[in-house]
Amino acid sequence: MLELVYRFDPTGRHTPDPPADPAEARRRLEDGNRAFSTDPLAAGPTRRVLHVDADDLGLPTEDGKAPTQRPFAAVLACSDARAPVEVVFGQGCNRLFVVRVAGNVLGSECLGSLDFAVTNFDESLRLVVVLGHSRCGAVSAAVDSFLNPSQYLAYAPSHPLRAVVDRLMVPVRAAHQAVGRAWGHGIGDRPGYRDALIGTAVGLNAALTAATVRQELREHLGPAREVVYGVYDLVTRRVGVPIGVPGESRFAPGLVPPPADLTGFDQLGIAIATSPPVRDLLA
Ligand SMILES: [Zn+2]
């Protein structure tokens, strides 16, 4: 049994100061996800105490005013109900500026929201994160349209739906090429090919979107602020990225910057396509 205790001391203050740099911001998110993903049942009966203060609870300050908004990271993530961003990263109120949209695609409204964050939270914001997740329904819809174009007819009459699916076609096409290069182009006949394509496209979509965000917000980035990406696994509840080369790829916990060039994206595609979660689907 896990007992979660939220302890509020009205006279205390537990909200940490903003991180000093992007590395510390990344560590806070990674530490929060490690704690969230630890299986509480495996450790036996345990009690976890979370200290919260007025900011965490969204309570007004002593003078009756609303807390000042001071997020240390902006996160672009999918709307999927199984991947709540603050919970996944173990963060309370006023720590994250979250933009959620199906498939974590980068439409102009989402980019405008991220632009607002980097422009207005200069003193606290150290990180911009793009977070994909496994088994993404939006990516699955794009993969199904790619594999069977007649299915695209279901989205064709709807501009709002196309706005999501169309933006995912480039990472899906890139995933198709990566899986083909990694395993041979006859791999498309394997039963697990569709799921392997979804798994690869999820990672490439997060990385490509992060690279685009980095380009778009370049005037607001530097030593004090960077862009990273990761994929949330719905089964292990870990956020991580595939790394390595064919034969040695693995899923490593954490958040990393997206590749800087085409070669880097080619290597990333191979790393994802040969990483254990995708390899197992094709076995
Ligand atoms: Zn999703």
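User: What covers the buried residues of H9?

Analyst: This is a predicted model, in which local features need pLDDT of at least 70 and side-chain atom pairs count only at pLDDT 80 or more, while totals for chains, interfaces and linings use all residues. Residues are numbered from 1 along each chain as its sequence is written. The buried residues of H9 are Leu-268, Gly-269, Ile-270, Ala-271, Ile-272 and Ala-273, where buried means 20 or more other C-beta atoms within 10 Å of the residue's own, exposed 12 or fewer, and partly exposed in between, with C-beta atoms placed from the backbone. The cover of these residues includes H7, H8, strand E7 (239–243) and H10.

User: Which residues of H9 does H8 meet?

Analyst: Helices (H or I, at least four residues) and strands (E, at least two) are DSSP runs, numbered from the N terminus. Contact requires C-beta atoms, placed from the backbone, to lie within 7 Å. From H8, the residues taking part are Thr-200, Gly-203, Leu-204 and Ala-207, and they meet Phe-265, Leu-268, Gly-269, Ile-272 and Ala-273 in H9.

User: How many nonpolar, polar and charged residues has the contact of H8 with H9?

Analyst: Ala, Val, Leu, Ile, Met, Phe, Trp, Tyr, Cys and Pro count as nonpolar, Asp, Glu, Lys and Arg as charged, and the others, Gly among them, as polar. By these classes, the contact of H8 with H9 has six nonpolar, three polar and no charged residues.

User: Are H8 and H9 roughly parallel or roughly antiparallel to each other?

Analyst: H8 and H9 pack at an angle of about 150°, with their axes 9 Å apart; axes are lines fitted to C-alpha atoms, for helices over the stretch in contact, and angles run from 0 to 180 degrees between N-to-C directions. Angles under 35 degrees count as roughly parallel, over 145 as roughly antiparallel, 65 to 115 as roughly perpendicular and the rest as oblique. H8 and H9 are therefore roughly antiparallel.

User: How are H7 and H8 placed to each other?

Analyst: Their axes are 8 Å apart and the packing angle is about 125°. H7 and H8 are therefore oblique to each other.

User: How many nonpolar, polar and charged residues are in the contact of H7 with H8?

Analyst: On the H7 side, the contact includes Pro-171, Ala-175 and Val-179, and on the H8 side it includes Leu-197, Leu-204 and Leu-208. The residues of the contact of H7 with H8 divide into twelve nonpolar, three polar and no charged.

User: How far apart are the end C-alpha atoms of H7?

Analyst: The expected span of a helix is 1.5 Å times one less than its number of residues. H7 has 15 residues (169–183), so it should span 21 Å, and the distance between its end C-alpha atoms agrees: 21 Å.

User: How many residues of H8 are buried?

Analyst: H8 has 24 residues and is mostly covered. The number of buried residues in H8 is 17.

User: Is Val-231 buried or exposed?

Analyst: Val-231 is in strand E6. Among the residues Val-231 touches, not counting those up to four places away in sequence, are Val-202, Gly-203 and Ala-206. Because 25 C-beta neighbours lie inside 10 Å, Val-231 counts as buried.

User: Why does Glu-226 count as partly exposed?

Analyst: Glu-226 is found in strand E6 (residues 226–232). Not counting residues up to four places away in sequence, Glu-226 touches Pro-22, Leu-127, Leu-221 and Pro-257. Glu-226 counts as partly exposed because its C-beta neighbours inside 10 Å number 19.

How values were computed: Contact = placed C-beta atoms within 7 Å.
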